[in-house]
Amino acid sequence: MDFDLLCRGFLQVFHVSNLLVVLLGVVGGVVVGALPGLTATMGVALLVPFTFGRPVLQSMVMLLGIFCGAIYGGSISAILIHTPGTPAAAATVLDGYPLALQGKAGKAIRMSTVASGIGGMCGALIMTFLSPPISRAALAFSAPEYFALAVFGLSIIISVSGRSLVKGLIAGLFGLLLSTVGLDPTSGYPRFTFGSMDLYGGPAFIPTLIGLFALSEVFLNIETLFKAQEVGGRLTDMSLSLKELSPCLKTIFRSTILGTFIGAVPGAGSDIAAFVGYSEAKRDSKHPELFGTGTLEGVAAAEAANNACTGGAMIPMLSLGVPGDAVTAVLLGALILQGLQPGPMLFREHLDLVYGIFAGMILANLVMFLVGMFGARYVAQIINVDRRILLPVIFLLSLVGSFAMRNSLFDVWLALGFGILGYLMSKYNFPASPILLALILGPMAESNLRRTLIMSQGDWRVFGTRPISLVMLGLALVSVVTTLIKEQRARAALKQAGLRLQ
């Protein structure tokens, strides 16, 4: 680690022109992230052509600003309108929206901003100081390790099942069934596509997410459209005291470490990191029964993890030339467009640029934090808009977001279908999050399980011979057992308290 080069990198990014493009990138990213359907990947990809011919560092810091801003921005719509703006914010909905219904939308957004800022900043610092060793660890991942990681992620379904574990498992199994739709990952044979080319890639994730969360909420609210004027509770609480923040700091730093290392594993992504961070926070909490009802710790856990993932995903991209997620794949393309090849040679031949990117990532997270803290008060006022105006706007944005990803009317109908499904699930108290988690991890688990069995010629013992996969499977088992024990104790305590009250 060369501190002199890092200082020179900060001097470069603190040039007025670079500060301006970082600010524009962050604000644009927050807007993109907050609009349902416009993901961080789309926001970065749309601006890559405009970087051609511009200074490399200036182009990169602008794209990094969009990246960091969009991941944070997804939490805004997740908290205010029950709609994750990006897949990374799917876990934020679980506690963010219940807080908004209690009139604490401003408090939830401030907690999201603080957790995102700390997570993103620490993730960028870990990226700066520990890139080489983390990259070498990520290289050790092969098919068995990816399968074990997917199993560990799927074990989180128990944590996000809500009040009924059985209904959560049913929803998770339904999501795994949906993940088998499309082309077989090994043979390429179409499965459950009913002759439709639009289903060859499986149900599109963004329309599915929008339908299950946004449109289902619109349909639920239509039932009582003329009975009340508010979306939920009126906005009553904007402050976030040190007393409320202090208990969440342990969760934020734990989620930051988890998010950074998950982000460094190519193909994992911030959505997985957010759910893992949320699950670990719930498992470690003294009051796991409060998760899902509106707790600041749940918001902090998800947001710290998904924002730390931005720094983690940059590690293999810069060090090895292997993108950590979809956004860093686009960023890799932007560097290649500038005539640079990410990987070991980039560190050898353009070390000053590498440290400039490190400094730019830290600056982008700092600007994101400042923008979020300044704008929280104004953004949170959305919850006070008359519901008869807000619901049609949400409905229209949801349909536009569903269409925009692939310019496909099929995706609009898909979102409407999942909206109806989400509405029925809400009426019968089935959680929607396990479906999303299964859709994310199901294909990873299936494809890597089959690759592993091909590699080992059908020998299942291969998972016990590889230390990383064995540890990950052990962690999955521990996570399931400890979560079940803590939830059982919490239910017993609540039941006992209820009996005493009677």
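Predicted model: local features only at pLDDT ≥ 70, side-chain atom pairs only at ≥ 80, totals over all residues.

**Notes on the model**

1. Arg 283 is found in helix H11. Arg 283 is partly exposed, with a relative accessible area of 25%. Leaving out residues up to four places away in sequence, Arg 283 touches Ser 479, Thr 482, Thr 483 and Lys 486. Arg 283 and Val 480 are 197 residues apart in sequence, yet their C-alpha atoms are 9.2 Å apart in space.

2. The next residue to look at is Asp 284, and the topic is salt bridges. Side chains of opposite charge can pair when their charged atoms come close. The side chain of Asp 284 meets that of Arg 254 in a salt bridge, at 3.2 Å from N to O. Arg 254 lies in helix H10 (residues 242-263) and Asp 284 in helix H11 (residues 270-284), so this pair ties together parts that are 30 residues apart in sequence. Asp 284 is partly exposed, at a relative accessible area of 39%.

3. How many salt bridges does the structure hold? The number is eleven. One of them joins Asp 184 and Arg 191, whose side chains meet at 3.4 Å, N to O. Asp 184 is buried, because its relative accessible area is 11% and buried means under 20%. Arg 191 also counts as buried, at 17% relative accessibility.

4. Arg 406, in contrast, counts as partly exposed, at 39%.

5. Asn 407 deserves a look for its backbone. Most residues other than glycine have a negative phi. Asn 407 has a positive phi of about 55 degrees although it is not a glycine. Asn 407 sits in the loop between helix H16 (387-404) and helix H17 (409-427). Asn 407 is exposed, because its relative accessible area is 58% and exposed means over 50%.

6. His 82 is another residue other than glycine with a positive phi, here near 60 degrees. Where is His 82 found? It is in the loop between helix H4 (56-81) and helix H5 (93-101). His 82 is buried, with a relative accessible area of 15%, whereas Asn 407 is exposed.

7. Now to helix packing. The axes of helix H9 (residues 205-222) and helix H18 (residues 433-455) come within 10 Å and cross at roughly 170 degrees. That makes H9 roughly antiparallel to H18, because angles over 145 degrees count as roughly antiparallel. On the H9 side, the residues that meet H18 are Phe 205, Thr 208, Leu 209, Leu 212 and Phe 213. Their partners in H18 are Ser 433, Ile 435, Leu 436, Leu 439 and Ile 440.

8. Helix H9 also contains Ser 216. Ser 216 is buried, with a relative accessible area of 1%. Apart from its neighbours within four places in sequence, Ser 216 is in contact with Gly 211, Gly 419, Gly 422 and Tyr 423.

9. Val 13 lies in helix H1 (residues 3-13). Val 13 is buried, with a relative accessible area of 0%. Which residues does Val 13 touch, not counting those up to four places away in sequence? They are Asn 18, Leu 19, Leu 57, Val 61, Gly 356, Ala 359, Gly 360 and Leu 363. Val 13 and Leu 363 are 350 residues apart in sequence, and their C-alpha atoms are 7.9 Å apart in space.

10. The last point concerns the surface. Phe 3, Leu 125, Phe 129 and Leu 130 form a nonpolar patch there, with about 360 Å² of accessible area together. Helix H6 (residues 105-139) supplies the largest share of the nonpolar patch, three residues. Leu 130 lies in helix H6, and at 38% relative accessibility Leu 130 counts as partly exposed.

Note on methods
Residues numbered from 1 in each chain as written. Heavy atoms only, no water. Patch = residues over 30% accessible without salt bridge, like charges linked within 9 Å, V, L, I, M, F, W, Y side chains within 5 Å. Areas by Shrake-Rupley, 256 points an atom, 1.4 Å probe, with all protein chains shown as cover. Salt bridge = Lys/Arg side-chain N within 4 Å of Asp/Glu carboxyl O. Helix = DSSP H or I, 4+ residues; strand = E, 2+ residues; numbered from the N terminus. Buried < 20%, exposed > 50% of the residue type's maximum accessible area, 1.4 Å probe, protein only. Axes fitted to C-alpha atoms, helices over the stretch in contact; angles between N-to-C directions. Parallel < 35°, antiparallel > 145°, perpendicular 65-115°, else oblique. Contact = heavy atoms within 4.5 Å.
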